[in-house]
Amino acid sequence: MVTGGAGGRESRGRMLRRAPHGGTTGPSAANGQHAFDRILAGDARTRLAQLPDACIDLSFWSPPYHVGKSYERHLSFDDWRELLRSVIHCHSGIVKPGGFLAINIGDILCFPDASIPKFQADNVRRKTSSVTREQVLAARKAHPRAKRQELAALLGCSEQTIHRRLEHNNVRGGKQSMATKVLLTGCLVAEWAEEAGFYLYDQRIWHKDPCWANSRWHSNSYRAVDEFEHIYVFWRPGITQYDRHRLTPSEWAQWGSRGVWRIRSVSRNDRHEAEFPEELAGRVIRLFSPPGGLVLDPFVGAGTTTKVAKLLGRRWLGIDIDTEYAQMAQNADR
Ligand SMILES: C[S@@+](CC[C@H](N)C(=O)[O-])C[C@H]1O[C@@H](n2cnc3c(N)ncnc32)[C@H](O)[C@@H]1O
């Protein structure tokens, strides 16, 4: 059972059931003991404030990135900053001394901002694809399960062309829309973590699949495509249990001691728009939490972190503001 009530907000083209701040039931069991191994529906800020002190060994999460996904469209840039800052601040008491807060985030944040100069490119070798929207629609009708990449191969054009013909735009702003503001998120989260008593301990780069869907960011420019994200690991001062046997010698060599992790992205986005791979969660959990330790994800989405934590013999706790996602996470292979 997911703990929490339901509110209402229109989003991602259907009713998104949003739990009220905190819902009606807190995470406490009737006898006053805090119950874990469950998913709570509600706003992370309210739910985290209800947790006991120093109970979490590792909090691992991927927040909204402010790139226009349906679950974050209602947030202004200031709202987004406030959400992340407050959630980080809510961790100050609940993570055990010596424990970790690991945040997975795209380091380059892009969003439309009318106040900055608009980038203008004079493309001296412009090549326009002759593939039409009608052709793309016909190919999609004939192959309804085909991914963009497969449609591109079929029609002999780029994935960008398929995307443009289908969507006309993308999540990253771009040349037809307002000027695109570009910010590094690492500095922001590091500042907020330090305010909350955490110190930057390490970072890993998740080298994911190139995200061609965001190609208007990259096309007609010298920018790279979107193909990596960061995991910023913050440490709460205290004694950290260091156990070399958490990984095998070959795991240490292959990824435990390595800064760049090549892990395929989750390509399906039919149930949740932004799942991260189980392999990513598994590596972070195995490195930064002890067996039997409590792993928290306050933006649990489809439940990747909590599912993997359970498989790895950890206690787990997930929170999501969307009751449908909270239910999905609760049911994730359990
Ligand atoms: C990037 S997704 C997380 C995806 C997750 N890591 C997975 O693998 O499925 C961010 C999630 O945060 C949730 N969310 C947004 N605002 C929230 C808030 N204030 N409190 C709790 N959850 C929130 C969204 O509903 C969304 O599921």
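The structure is a predicted model, in which local features need pLDDT of at least 70 and side-chain atom pairs count only at pLDDT 80 or more, while totals for chains, interfaces and linings use all residues. Residues are numbered from 1 along each chain as its sequence is written, and side-chain values use heavy atoms, with hydrogens and water left out.

Eight strands form an open sheet with mixed pairing, in the order S3-S12-S11-S4-S5-S9-S8-S10. Strands (E, at least two residues) and helices (H or I, at least four) are DSSP runs numbered from the N terminus, and two strands pair if DSSP finds at least two bridges between them. Strand S3 (38–41) and strand S10 (260–262) each have a single partner strand, so one side of each is left without a neighbour in the sheet. On average, neighbouring strands are turned by 20 degrees against each other, direction ignored. Axes here are lines fitted to C-alpha atoms, for helices over the stretch in contact, and angles run from 0 to 180 degrees between N-to-C directions.

Within the sheet, strands S11 (residues 294–297) and S12 (residues 315–320) pair in the parallel sense over four bridges; Leu294 has Arg315 in S12 as its bridge partner. Helix H6 (residues 185–195) packs on the sheet, touching strands S5, S8 and S9, and its direction makes about 15 degrees with that of S9. Contact means heavy atoms within 4.5 Å. Helix H10 (residues 304–311) lies across S3, S4, S11 and S12, running at about 170 degrees to S12.

Next comes the ligand. Around the ligand are 22 residues, of which Ala44, His272, Ala302, Thr304 and Asp320 come nearest; a residue counts as near if one of its heavy atoms lies within 4 Å. Polar contacts are pairs of N or O atoms within 3.5 Å. A ligand nitrogen atom is 2.9 Å from a polar backbone atom of Ala44, and a ligand oxygen atom is 2.7 Å from a side-chain N or O atom of Asp320.

Methods. Polar contact = N/O pair within 3.5 Å; in protein donor to acceptor, adjacent residues only side chain to side chain.
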